[in-house]
Each structure stands twice: as structure tokens, then as C-alpha cells.
Number of protein chains: 2
Amino acid sequence: MDLKAYLQIQREKVEKALTLILPELEGPSADVVKAMRYSLFAGGKRLRPILCIAGAEALGADGSHVMPVACALEMIHTYSLIHDDLPEMDNDDMRRGKPTNHKVFGEAVAVLAGDGLLTEAFRVMAQTPLGMIKPGALLEVISLVAQAAGYQGMVGGQVADIQSEGKTVEPAAVEFIHSHKTGALIAASVTSGAILGGATEAQARAINEYGRGIGLAFQISDDILDVEGNSEQIGKGVGGDARKKKVTYPSVHGLVRSKEIQKQSIDRAIHSLKAFDHKADPLRAIAAYIIERKK
Amino acid sequence: MDLKAYLQIQREKVEKALTLILPELEGPSADVVKAMRYSLFAGGKRLRPILCIAGAEALGADGSHVMPVACALEMIHTYSLIHDDLPEMDNDDMRRGKPTNHKVFGEAVAVLAGDGLLTEAFRVMAQTPLGMIKPGALLEVISLVAQAAGYQGMVGGQVADIQSEGKTVEPAAVEFIHSHKTGALIAASVTSGAILGGATEAQARAINEYGRGIGLAFQISDDILDVEGNSEQIGKGVGGDARKKKVTYPSVHGLVRSKEIQKQSIDRAIHSLKAFDHKADPLRAIAAYIIERKK
């Protein structure tokens with residue numbers, strides 16, 4: 001399959017849906033919506049929404065039916081970037097080649113823009129037109145996404161990340177950080193699509209396994225790009241992890257071993273799709289692409 | 001009815017349910033959960049959960065069935081206090097007689113504790129045991145609460161609040177701030193209970209009208225207490241609004257007119273319950289209590 005074309009088509013659909021979900025606003029809330037839109041439309045890869053759509057398609061469902069949930073996942077991802085970049089967190093000035101949210105709108109509005117995106121994501125999910133989707137499946141997805149984004153997932157990973165800076169940690173600690181900070185939401189993205197697409201419990205488990213595998217591999221890529229990457233392609237400076245004494249796979253395992261772990265993780269992810277037919281090919285292609293990505 | 005006893009009993013039930021929903025944790029996420037619990041168990045009045053329960057009871061439903069949603073509302077309220085107190089926002093050091101979250105845990109963890117509470121609130125709502133509750137009603141409630149908490153509600157009100165500090169504003173601006181920052185979530189609290197309790201559309205509208213009325217009156221009380229109150233009873237310093245040049249009802253309308261507007265707002269709230277029988281008496285009593293409250 002032509003993954004590049006697939007990603008391009010899906011990305012355009014997601015962009016269009018996001019524009020409709022969060023239009024510009026007038027009145028006293030105009031500024032916070034401007035700040036929300038600034039980061040939401042800053043040129044993200046839309047990996048999480050595309051995984052949600054591909055997860056639904058793997059089950060034979062129409063990807064457009066899960067678009068609200070797909071968009072909500074991108075809103076949650078964007079909120080986490082805005083808050084992570086704050087001075088009290090990672091204190092980053094640039095993101096995707098543009099000044100970070102708080103650099104443009106100030107810290108107060110940046111905190112609120114993140115809060116607004118996170119909250120709106122749940123409104124958007126809850127208002128997903130049901131059609132073929134069972135209300136119980138939608139409630140299950142909302143719960144799954146919240147768990148992946150909250151203290152049992154992304155928030156927990158970010159706390160562990162901040163608290164481990166500058167420390168020597170065990171390999172288990174870097175695995176905790178990555179699986180929680182990045183892996184949990186990526187796994188929830190593809191699993192949400194599958195659940196809404198009508199997955200059985202066993203199917204949802206297999207897809208979730210796939211998601212955990214590519215989630216870990218994706219974060220290892222990020223770590224490796226920060227060492228080996230080209231800052232123009234990535235849209236932010238490289239070497240930031242070392243400067244901030246971040247706990248990363250290369251810092252704990254070295255580059256060679258990190259790439260081995262990444263490869264194993266991708267192999268396991270692809271293997272967990274063994275019971276799925278060609279409709280899961282986009283998921284297989286995405287897994288392979290994660291190792292090769294340059295940004 | 002004995003409102004004091006009613007509030008006491010409901011508050012105890014809410015405390016107990018919250019303890020079960022967010023127990024202490026070990027491991028790498030222990031600290032953020034500690035910070036979440038610090039503010040969640042800091043002695044709040046539990047007004048929003050009690051309104052949710054009383055809203056369900058007004059429809060003849062068992063209040064215990066809506067407890068997860070009631071608890072989620074308190075978690076959302078608590079997250080908003082943690083973020084509002086941050087240095088880049090209202091920069092408050094004390095809340096309910098205790099140091100604010102960021103004073104104890106640092107700004108990074110305070111931001112994440114707020115994020116964690118907000119996210120967890122949606123997980124808790126989505127996992128409400130259905131029993132008598134229709135899944136469609138629960139989805140409607142999740143959407144209603146998200147809308148009230150997000151940029152169309154609380155977040156929008158907070159942005160307008162921050163941006164109006166030190167400015168001379170029209171009466172419409174202070175009404176916008178109060179109805180969004182406080183009123184929206186209070187109205188959503190009681191309306192959620194009613195919807196889960198099986199309200200018709202007209203009943204939900206009437207309860208929502210009640211909620212908007214007491215929500216505005218409640219925030220005017222806050223404004224008045226900051227001028228006339230006793231700082232020991234309130235648990236934080238008084239006069240802070242004037243010092244920060246906050247837009248309040250007393251600053252825009254004066255104290256006498258503010259109390260008149262508050263009284264009218266409560267009268268309208270009680271009037272909107274006219275089609276409800278004695279099962280709505282707790283709601284009526286809460287409305288009357290809002291004017292008299294001293295903390």
C-alpha cells in the first residue's frame with residue numbers, strides 16, 4: 001500500500017474536521033480560542049487521529065464515523081504539548097518551528113488554552129453522532145481515553161519525567177515514563193477506533209498490544225532524533241534532552257541498544273495484528289514507518 | 001426542612017465516595033495523586049456534588065445513583081481552583097486556610113494535578129454504573145459538563161476575568177465573567193442530576209434556569225464576602241479582589257445594588273422550580289442559604 005498517500009488523505013480529512021470543530025470565535029472568549037487554535041493548527045502529524053481512523057478501518061468500519069473521537073485525541077495531544085512547554089515544566093521556546101504557546105499568548109492564557117482543549121475534547125467525544133456506534137462503546141472509549149490521558153497515563157508519565165531529570169535511573173523508570181507519557185495515548189487512539197468499529201474484546205486487546213508497541217517505538221524515535229536528527233526537519237532544537245538531563249532510551253541504553261529495542265517493539269506490534277486481514281495494512285505500514293521517520 | 005442536616009449528610013456521602021474514587025497511590029505517580037488529593041480533600045463545601053444529588057432527587061431519583069457524576073463535578077471545581085491560584089493567574093498563596101497547591105508541591109506538579117483531576121473527572125463520569133440511567137443521558141451529561149467547564153463556560157470566564165483586571169468594564173462584562181466562571185458549572189451540576197434522574201426537556205430547562213440563578217447569586221456572595229467577610233471564616237484573606245483590581249459586582253454596581261441583584265436572582269431561581277413538588281425542597285432551601293452564607 002501507498003502509506004504516504006494514505007497519510008496525506010487522512011491528514012487532510014482530520015484538518016478539515018478540526019477546523020469545523022473549533023472555529024474562530026468573537027467576544028470575551030476569542031483570545032483563548034485563538035490560543036487553542038494556534039497550537040492545534042501548528043502543523044502536527046495527526047498521528048493519533050490517523051491511528052484511530054485506521055483502527056476503525058481494521059475492523060471494517062468507515063473511518064469517518066470515528067472522526068470526532070479522532071479529533072478529540074489530537075486536541076488532548078495538543079493540550080499536553082502546550083502544558084509540557086510551560087516554563088515550570090520543560091520550558092521550551094520553540095515547537096514545530098514556531099514559538100510555543102506561552103511565548104505568544106503568555107503563561108496564563110497558555111494554561112487555559114490547554115485546559116480548554118482537554119475539556120473540549122471530551123465534549124466532542126460525547127457528542128459523536130451515534131449511527132452505527134453503540135452508546136456503551138462510546139462511553140467505554142471516553143473512559144479509556146481519560147485513563148490514558150490522566151494520572152494513570154500521560155499525566156503520570158509527565159510527572160515521572162520531570163522528577164527524574166538529572167537523576168540516574170533504572171531501565172524500568174525510562175520504560176515507565178515512555179509508556180505512560182506517550183505510549184498510553186497512542187495505544188488508546190488505535191484501540192478507541194477499534195472499539196467504535198465493533199471490535200470484540202480479543203480484537204481490542206490485540207489492537208491495544210499493537211498500540212503499546214508502536215507507542216514505545218515512537219517515543220524512542222523522538223529520543224533518537226534528539227541525538228541524531230536535523231533540527232530544521234524536526235522544527236525544534238536538537239540535543240535538548242541531553243541539555244536538560246532528560247531520561248531517554250539513548251541516555252539509559254545507548255543508541256545501538258535503543259534501536260534494537262525499538263525494532264523488537266515494532267516487530268511485536270506487527271505480530272499482534274496476525275489475526276487481522278488486509279484492512280489492517282495501514283496499521284502495519286504505520287508501524288514500519290515509525291522507525292524510518294525523520295521528524 | 002432541616003437544610004443544615006441535609007447538607008451535612010450529603011457532604012459526608014460525597015467525602016466517602018471521593019475517597020474511594022481517588023485513593024492514595026504508590027509508585028512513580030504517587031506525588032501527583034498526593035497533590036490531587038491535597039486540594040480535593042481541603043475542606044470544600046461540596047456544593048456542586050450536593051446540587052447534582054438534589055437535582056436527581058427533585059425528579060424522584062435516588063441521589064446515590066448520580067454519585068460518580070457528583071464527585072466528578074467536585075474534581076472539576078477543584079482543578080479550576082488549583083489552576084486559578086497559580087502565579088501566572090491569580091497568584092494566591094492561601095485557599096481554605098491552607099497553602100495553595102503550588103505552594104506545597106511546586107508549580108509543575110500543581111499544573112499536572114489540575115490536569116489530572118480534570119481528566120479523571122471524565123473517566124469517573126464515563127464509568128458511572130448505568131442501572132436506571134440511560135447511556136444516552138450519561139453521554140448528554142458528559143457533554144453538558146464539558147461545555148460548562150470549557151471555553152464556552154468556566155475557562156472562557158477565567159480568561160475574561162484575568163483580562164479585565166484593572167480595567168473599567170460595562171455591567172455586561174461582569175455578568176459574562178460570573179455567569180461563565182462560576183455560574184455555568186453550578187448550573188451544569190444541578191442540571192446533570194436532573195437529566196440522570198430522568199428529567200423531560202422542559203424539566204431540565206427549568207432546573208437549569210434555577211442553576212443559573214443560584215450560580216450568579218453564589219458568585220455575588222463571594223464578591224460581597226471579599227468586602228464584608230471574616231477572613232478566618234472564609235479561609236483566605238479578604239480584600240483581595242480590590243487589591244488585584246478584580247471586576248466584581250460590588251466594584252461595578254456597589255454593595256447595595258449587588259445585594260438587590262442577588263436577591264432577584266435567587267427569587268427567579270426559586271420561581272423556576274414552581275412545577276416541582278416537595279422533592280425539590282432541598283434545592284429551594286439551598287437557594288435561600290446562598291444569600292445568608294458566611295463562608
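Which residues in α8(A) meet which residues in α9(A)? The answer comes below, after a look at the whole assembly. This is a predicted model, in which local features need pLDDT of at least 70, side-chain atom pairs count only at pLDDT 80 or more, and totals for chains, interfaces and linings use all residues. Residues are numbered from 1 along each chain as its sequence is written, while chains are lettered from A and ligands numbered from 1 in the order in which they are written.

Chain A, to begin with, has 15 helices and 2 strands; these are DSSP runs numbered from the N terminus, with helices being H or I of at least four residues and strands being E of at least two. Its radius of gyration is 18 Å, close to the 19 Å that the globule rule gives for 295 residues, so chain A is as compact as a globular protein of that length. (That radius is taken over C-alpha atoms, and the globule rule is 2.2 Å times the number of residues to the power 0.38.) The C-alpha trace of chain A spans about 55 × 50 × 35 Å along its principal axes. Of the 295 residues in chain A, 55% are buried. Here a residue is buried if 20 or more other C-beta atoms lie within 10 Å of its own, exposed if 12 or fewer do, and partly exposed in between, with C-beta atoms placed from the backbone. Among contacts in chain A with a separation of 6 or more, 73% join residues 24 or more positions apart; two residues are in contact if their C-beta atoms, placed from the backbone, lie within 7 Å.

Now for how the two chains sit together.

At the interface, 43 residues of chain A are in contact with 43 residues of chain B. On the chain A side, the elements that give two or more residues are α2 (30-40), α6 (107-126), α7 (135-149) and α8 (154-164). α6(A) gives the most, with 13 residues. By class, this side has 25 nonpolar, 12 polar and 6 charged residues, where Ala, Val, Leu, Ile, Met, Phe, Trp, Tyr, Cys and Pro count as nonpolar, Asp, Glu, Lys and Arg as charged, and the others, Gly among them, as polar. The copies meet through the same surface, because 100% of the interface residues of chain A are also interface residues in chain B.

Back to the opening question. α8(A) packs on α9(A), residues 171-196, at an angle of about 145° with the axes 7 Å apart. Axes are lines fitted to C-alpha atoms, for helices over the stretch in contact, and angles run from 0 to 180 degrees between N-to-C directions. From α8(A) come M154(A), G156(A), G157(A), Q158(A), A160(A), D161(A) and S164(A), and they meet A173(A), F176(A), I177(A), H180(A), K181(A), A184(A) and L185(A) in α9(A). Sorted by class, this contact has 7 nonpolar, 5 polar and 2 charged residues.

E88(B) sits in the loop between α4 (67-85) and β1 (94-95) of chain B, yet E88(B) is buried, with 20 other C-beta atoms within 10 Å. Leaving out residues up to four places away in sequence, E88(B) touches E107(A), A108(A) and V111(A). E88(B) and I162(B) are 74 residues apart in sequence and 9.8 Å apart in space, C-alpha to C-alpha.

I186(B), in helix α9 (residues 171-196) of chain B, counts as buried with 27 C-beta neighbours inside 10 Å. Apart from neighbours within four places in sequence, I186(B) is in contact with R48(B), L51(B), G211(B), I214(B), G215(B) and F218(B). G43(B), by contrast, is in the loop between α2 (30-40) and α3 (47-58) of chain B and is exposed, with 11 other C-beta atoms within 10 Å.

Lastly, most residues other than glycine have a negative phi. K245(A) has a positive phi, near 55°, and lies in the loop between α12 (240-243) and α13 (249-253) of chain A.
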